[in-house]
Amino acid sequence: MRLTKTSDLWWKTAVIYCLDIETFADGDGDGCGDIRGLIQQIDHLDRLGVTCLWLMPFFPTPDRDDGYDIVDFYGVDSRLGSLGDLVELVRTARDRGMRVIADLVVNHTSAQHPWFQEARRSRDSHYRDWYVWQDEPPADGPQGVVFPDQETSLWEYDEEAGQYYLHRFYKHQPDLNVANPEVRDEIARIMGFWMQMGLSGFRVDAVPFLIETAGQDDAMELPDPHDYLADLSAFLRRRNGEAVLLGEVNLPYPDTMPFFGAKDGGGSTDELTMCFDFIGMQQMYLSLARGDAEPFAETLRQRPDPPEDGHWATFVRNHDELTLDKLTDSQRKEVFDAFGPDEDMQLYGRGLRRRLPPMLGGDQRRIRMVYSLLFSLPGTPVLYYGEEIGMAEDLSLPGRFAVRSDMDWAAVREQYPDPDSLLSWMRLLAERYRACPELAWGTYTVLDPGPHASPVLGHRCDADGATVVALHNFADAEVRAAPVLQGLSGAQLTDVLDPRAEPVGVADDGTAEVVLPPYGCRWLRVG
């Protein structure tokens with residue numbers, strides 16, 4: 001493990017924080033969040049331990065899909081500020097040791113984008129082939145409607161164009177044609193522009209849809225879609241060797257791994273730097289619903305190791321619904337029954353439009369255990385704004401907007417002076433995570449928690465002779481865990497989160513007995 005060589009792989013030990021400028025902080029009092037407001041609150045993120053800001057779309061937009069419908073990839077929406085404000089934000093973040101990445105939303109544009117408006121006017125338009133057109137929807141085209149409550153087809157007939165255009169998402173978001181070399185070149189220019197403005201990479205939206213070419217007449221111009229993703233990655237790293245591509249890839253593990261690249265089986269990624277662990281997240285909620293760690297533990301045992309210079313991105317919640325689409329119908333029903341029994345809490349029949357604290361009934365023991373788990377798991381922790389203060393959803397807002405309400409700054413101010421607040425706990429977790437490079441760089445092993453301890457998830461991370469053992473109790477009852485720690489017989493384990501706690505001795509047979517209170521958690525380090 002290369003514990004000393006971390007600057008070029010900064011994401012291995014990063015704490016990523018996702019926010020929407022529009023709902024985060026209002027700097028000019030007009031009722032809309034803006035870049036100035038974010039800059040004014042940057043010290044909050046610094047004190048929290050954030051090392052990377054992930055900005056949701058801030059581009060000019062008709063705002064029919066919360067900014068994901070873009071009309072200009074080279075600008076900043078005037079409601080949020082100016083290009084100069086954005087550059088100042090990046091500089092201010094850098095002064096505090098934070099990098100900034102932004103959403104790269106190039107699967108589609110707004111139907112109001114000048115490219116699409118020009119494309120629809122004539123089949124001879126220069127921009128016609130920048131989108132995907134058919135006289136009739138092809139039988140071998142893409143399948144599956146993303147928003148079944150809003151759309152019934154992936155194809156929309158355009159009267160002016162006289163053809164159908166493809167839209168994986170809403171009909172007001174026509175898909176770009178990545179099989180067209182001009183489109184691929186334009187996407188690279190967009191990336192290059194924002195890298196020049198100081199960004200350290202991108203969170204790539206809807207990656208599998210971005211490189212999909214099924215049913216397109218010119219798909220043969222892109223024989224292997226993954227080659228295109230590799231080209232984007234190579235372009236990015238030529239501009240900045242430390243830059244990252246964080247991919248939204250909600251697929252089973254075997255189908256996700258090709259998005260890292262590393263086709264030669266080596267240690268280098270040649271596509272995405274990180275992929276979100278959607279499968280692990282969904283199984284975590286199943287374990288929480290059952291009060292039994294085993295479903296999550298088994299998933300972690302099966303999770304493939306990423307390439308050496310790649311990483312999984314772990315998360316509890318994000319800006320979309322809590323998707324449960326990879327669970328079975330019966331498993332999904334278990335999670336719905338436990339955390340979102342009302343239909344108004346559910347979305348598309350596959351997820352929940354809720355934040356964590358209300359799902360767990362506001363139980364601070366359980367909430368803190370989950371975030372302890374997040375920071376100790378192998379992978380880069382990603383926080384969604386408001387998680388650090390236990391923000392709840394607002395079910396009076398439509399759809400996904402329930403989890404995209406305004407940041408509660410009053411709660412922040414109330415929690416800061418309280419050493420027992422959730423905010424203080426999150427700051428502690430971020431600090432101790434950064435102080436334990438074994439968690440990010442080490443080889444991890446899921447432990448057998450011992451007889452009658454199925455509610456406990458135990459794992460260890462080893463790197464350069466150092467070891468951290470993490471134990472998390474998913475049950476509302478005291479549990480005695482007794483994992484066997486090979487190679488640590490006779491060692492003393494000190495508590496990372498509470499140095500005042502009694503050390504745990506490892507018996508001659510390697511067993512370490514630890515009593516965990518209901519929803520208790522401990523990080524134990526050899527030393």
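Me: Before anything else, what does contact mean here?
Reply: Contact means heavy atoms within 4.5 Å. Of the contacts in the protein with a separation of 6 or more, 70% are between residues 24 or more positions apart.

Me: What kind of model is it?
Reply: It is a predicted model, in which local features need pLDDT of at least 70, side-chain atom pairs count only at pLDDT 80 or more, and totals for chains, interfaces and linings use all residues. Residues are numbered from 1 along each chain as its sequence is written, and side-chain values use heavy atoms, with hydrogens and water left out.

Me: How many helices and strands are there?
Reply: The protein has 17 helices and 22 strands. These are DSSP runs numbered from the N terminus: H or I of at least four residues for helices, E of at least two for strands.

Me: Why call it as compact as a globular protein of that length?
Reply: Because its radius of gyration is 24 Å, close to the 24 Å that the globule rule gives for 527 residues. The radius is taken over C-alpha atoms, and the rule is 2.2 Å times the number of residues to the power 0.38.

Me: And how much of the protein is buried?
Reply: 61% of the 527 residues count as buried, meaning under 20% relative accessible area with a 1.4 Å probe, protein chains only (exposed is over 50%, partly exposed in between).

Me: On to α16. Is that helix mostly covered or mostly uncovered?
Reply: Mostly covered, with 10 of its 13 residues buried. Among them are Trp-425, Met-426, Arg-432 and Tyr-433.

Me: What covers them?
Reply: The cover includes α3 (42-48), α14 (364-376), β14 (380-384), α15 (409-415), α17 (437-441) and β22 (521-526).

Me: What about α8, which residues are buried there?
Reply: In α8, the buried residues are His-226, Tyr-228, Leu-229, Ala-230, Leu-232, Ser-233, Phe-235 and Leu-236. They pack against α6 (181-196), β7 (201-204), α7 (207-210) and β8 (244-247).

Me: How many residues apart are Gly-27 and Arg-237?
Reply: Gly-27 and Arg-237 are 210 residues apart in sequence, and 34 Å apart in space, C-alpha to C-alpha.
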